[in-house]
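Please walk through this protein with me, one part at a time. Keep the 3D view open as you read.

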Amino acid sequence: MSIQSLFITQLLRDSFTQESGWAELNTDLEQACLQVAEDDEAGQKWCDENGYDGYTSYASLNDLADRANAFSDLKEMLDAKANDFSTASYMDIGCAKWEMDSYWINILNPLAAHSGHIHPHSVISGTYYVKTPEGAGALKLEDPRLAMMMNAPGPNKDAPRSAQRFVYEKPEPGTVMMWESWLRHEVTANMGEDLRISISFNYSLI
Ligand SMILES: [Fe+2]
């Protein structure tokens, strides 16, 4: 008898903490994120109007990489990692190249969360974590087949992680995660007493 695992969903997790100059880069990123949040009135207004408890530049800025060297330095590291993810996921991209087409800051206040969503119009999505205080929310990933499982029993208590319906990844500063943009995910509530700061991105093929 053989039991095979088919139709795998890939999640890349890595850490930039061993990269040369990472600690300084991460400090610069934190300061730059807070500065952009303070300056971006359009973004603050969008957060107020849309119930985002904290700050995101998602709806207001499309030039993050040009706003501070720290953002462009991080982008270079992420570009390389997106290529790694593409290769490891056996993506046949022909002559196309990966382009980061969105890049934005997320600052979640204590008790704030970000409900389940996908990232339409992109291929690879992910997040780099700048600041994750004790109790900060995890990334929660959802089995993409969930809508087809109307009568399927849930996994038993001995089931491995690969058989779970939901997977929680607790990031640390310097952690980077990437997945395919169709994979539904959310951020659980920030139970820490400080801000949770991350930088998210989407890649498309050009
Ligand atoms: Fe997301």
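**A helix, a metal site and a loop**

In helix 3, the residues A70, F71, L74, M77, L78, K81, A82, F85 and S86 are buried. This is a predicted model. Helix 3 covers residues 69-88, which makes 20 residues. From first C-alpha to last, helix 3 reaches 29 Å, close to the 28 Å expected at 1.5 Å a residue. What covers its buried residues? Both helix and strands take part: the cover includes helix 1 (22-39), strand 1 (11-15), strand 3 (98-108), strand 5 (124-131), strand 8 (175-180) and strand 10 (196-205). Just after helix 3 comes Y90, with a positive phi of about 60 degrees.

Now turn to the iron ion. Which protein atoms are its donors? They are the NE2 atoms of H117, H119 and H185, lying 2.0 to 2.2 Å from the iron ion. Along the sequence, the donor residues follow the spacing H-x1-H-x65-H. H117 sits in strand 4 (residues 114-117) and H185 in strand 9 (residues 185-187), so this pair, 68 residues apart, links distant parts of the chain. H117 counts as buried because its relative accessibility is 18%, and buried means under 20%. H185 is buried too, at 4%.

Last, find N190 in the loop between strand 9 and strand 10. Is N190 buried or exposed? N190 counts as buried because its relative accessibility is 0%. Beyond its neighbours within four places in sequence, N190 is in contact with residues including L108, P110, G135 and R196. A polar atom of the N190 side chain lies 3.3 Å from the backbone oxygen of L108.

How values were computed: Residues numbered from 1 in each chain as written. Predicted model: local features only at pLDDT ≥ 70, side-chain atom pairs only at ≥ 80, totals over all residues. Heavy atoms only, no water. Donors = N, O, S within 2.8 Å, 3.2 Å for Na, K, Ca; no water. Helix = DSSP H or I, 4+ residues; strand = E, 2+ residues; numbered from the N terminus. Buried < 20%, exposed > 50% of the residue type's maximum accessible area, 1.4 Å probe, protein only. Expected span 1.5 Å × (residues − 1). Contact = heavy atoms within 4.5 Å. Polar contact = N/O pair within 3.5 Å; in protein donor to acceptor, adjacent residues only side chain to side chain.
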